[in-house]
Amino acid sequence: MQVEVAEYCGFCYGVKRAVHLAKKAADERVVGGTLGPLIHNPQLIEELASKGIDCYESLDEFHPGETVIFRSHGVGPEVYEEAEARGLTILDATCPNVRFAQKKAADVAAAGYFPIIVGEKNHPEVKSILKWAGKNAIVVEYVEDISSIPQKERYGVVIQTTFELQKFEKILAAMREQRPGEYRVERTICTATSQRQKAALELAQRVDAMIVIGGRNSANTRHLYDLVKDKCSKAYHIETAAELRTGMFENCHKIGITAGASTPDRLIKEAIILMENEKTFEELLNEQEEVEVYAGKVVTGEVISKDKDGVYVSFGYRHDGFIPYNEWAPNATEADVEIGVEVEAKIVASSTKTDVVRMSKIKAEAEAAWKTVAPLAEGEKRAATVKVNRIIKNKAKGVVGLGVTVEGVEGFIPASHVELKRVEDFAPYVGQELEAEIIEVDLDKKRIVCSRRDLLKAEREAKHQAYLEAKEARKAAAIAARAEKEEKAYASVNEGDVVTGKVVKIADFGLFVEVGEGLVGLVHNTELSWDRNAKAADVAAEGDEVQVLVKKIDKEAKRVALSIKATQEDPWVAEASQLQIGDQLDVEVLRFLPFGAIVKISDKLEGLVHISEIARERIEKPADALEIGQIVKAEIIKMDLDSKKIGMSISKIARDAARAARNAERNEYKGYMGKANSLKNEGLAAQLEGLN
């Protein structure tokens, strides 16, 4: 079987640069990690992690002073600003071609063109270019996406560096047709990408089967596979040579190999060596399965001996395996292990320079446990009970979180997710079982992250809600008790009752008086006294007892109207009662009305002299006969105590005087009138003699 490798494949110079920077940082023991996967190759990411360069998803996971490595796909300008604000050291591994595309995106936006990024919407490189293009930019991945482009006069087009050229040309032609205008096209597809695509296509047309090696999350590797599968009926996308099977190459004589720009050379070499071996492909694969030893492989063996340091296991290899007690089980000792038992263990060091292969039973169990861990969709979470095993520290950061057992595997709770407030001492948590939530599961990285924040927030909110409900219940009970108390108080008084009450408050508009237990009524200013000028503060002080009349009770409005005035005799009525019709009084003319004159009887009493009662003769107005301030004598001719009205007459006195004079004159004449003539029989002379 002949194997041919594409002229251009494997690491491009941008990836080589990024990997070199990261490995150099690892060699120099730099404290920090990459922001997202450095490149899209799981094997290389694991290799970097084993050297101390972990992959973090957020700047929140870094501490001031640490180094953040920006991956080859690049980041937006705001990430640079945030990293600097957090006091992080930036190691920029952005691919120069990606950086060039970012600059072109910023240039077209600054020049007034509407920015269009042609590429995969969810690809990290495209997301970074989009950030440099400004807030108005848009991503087009398919021809169907063109309908979302707004109508503009000028368009600036930038391309994802690893995008398929033929696909781009098709999209560009459709854009020009559907959105006519001035176009500025920045052809930022990487030369290395186009070289690999061209070389892969040429090779695929002259081989019987085509192998594409690279991470399944690598866009350029997927593009290579999509291209060659149209040219070669037997095309396979693998990550490592371990995925190769003889059935893939049945009746094949010539095999082609290519690899994505993020595929390490060693993975390509492993595939070539495996397929060019003199032994038959099937024999080689079978032998490799039986004897291959590498870090991370899980094997089954038998315990053949033990000593004070650990356990020795036979697993069909030329060297035995060795499991230290601390890798057998937590706190395990020699007494916990039996000779002859079968055990699954994970190879942790594959070097054959020593007489034994170092293994871990704990890690194998964790490996098996990971197979039972369910994936977690983005944005979802699930409840779990975790046991805290250890405190995880970082030299620069100090405590970064807790290592916990969750769903049979080791998980991690970030320090900021243990409690809602900052924790100073994590020691008391070790050995405890805690209720938490799984917020992230990465089965490929065997990473599971837990948090207690939302649970604690929910617990706090539940307590607060319970407090509010209890408060409302107490309030309702108090209202009910007050209502019952008020009902009893209302039942204790009736409208028209005169009761003794206690002044509880003085206001500008009156007095508040408690007339029953908890029942307070208002004595309005108008009901304080018969003196209209009286003020509440002048009538009583807080705490004084006063006699009040219950004028009105309105239970619905919860109002009780009271009166102090009603319990006292009206001074006007008291004084007016001393008068009676026919009394003649000297009064003072106070003011005129169109229909009469108001006169002063006393300091408290006034009367009305109707215009018809002012003079005996007819007058047009009171001023025709009276003057203000004039003292006149008037007689009471009407009295209405309920309406507080006294009617008086000046002319009646004059009329009565005239009538009296006439009567006196008439009485005088009466002596001479009506008597019989006594001079019947006497002569005239005699009668005349009797006259004086």
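Is Tyr 13 buried, partly exposed or exposed? Tyr 13 is partly exposed, because its relative accessible area is 46%, which lies between the 20% limit for buried and the 50% limit for exposed. The model is predicted.

**Tyr 13**

- Tyr 13 belongs to helix 1, which spans residues 13–27.
- Apart from neighbours within four places in sequence, Tyr 13 is in contact with Pro 96 and Asn 97.
- Tyr 13 and Ser 262 are separated by 249 residues in sequence, while their C-alpha atoms are 9.9 Å apart in space.

**His 123**

- His 123 sits in a loop that links strand 6 (114–118) to helix 5 (124–132).
- His 123 counts as buried because its relative accessibility is 6%, and the cut-off for buried is under 20%.
- The contacts of His 123, leaving out neighbours within four places in sequence, are His 40, His 73, Gln 160 and Ala 219.

- Strand 21 (residues 433–442) and strand 22 run antiparallel and are joined by 5 bridges.
- Within this pairing, Glu 440 stands opposite Val 449 of strand 22.
- The two strands form a hairpin with 4 residues between them.
- Lys 446, in the turn of this hairpin, has a positive phi of about 50°.
- Strand 22 (residues 447–451) is mostly covered, with 4 of its 5 residues buried.

- Strands of a sheet pair through backbone hydrogen bonds, and the pairing can be parallel or antiparallel.
- Strand 31 (residues 631–640) and strand 32 (residues 645–649) run antiparallel, with 5 bridges between them.
- Asp 640 stands opposite Lys 645 of strand 32.

Note on methods. Residues are numbered from 1 along each chain as its sequence is written. This is a predicted model: local features need pLDDT of at least 70, side-chain atom pairs count only at pLDDT 80 or more; totals for chains, interfaces and linings use all residues. Side-chain values use heavy atoms; hydrogens and water are left out. Two strands pair if DSSP finds at least two bridges between them. Buried means under 20% relative accessible area, exposed over 50%, partly exposed in between (1.4 Å probe, protein chains only). Contact means heavy atoms within 4.5 Å.
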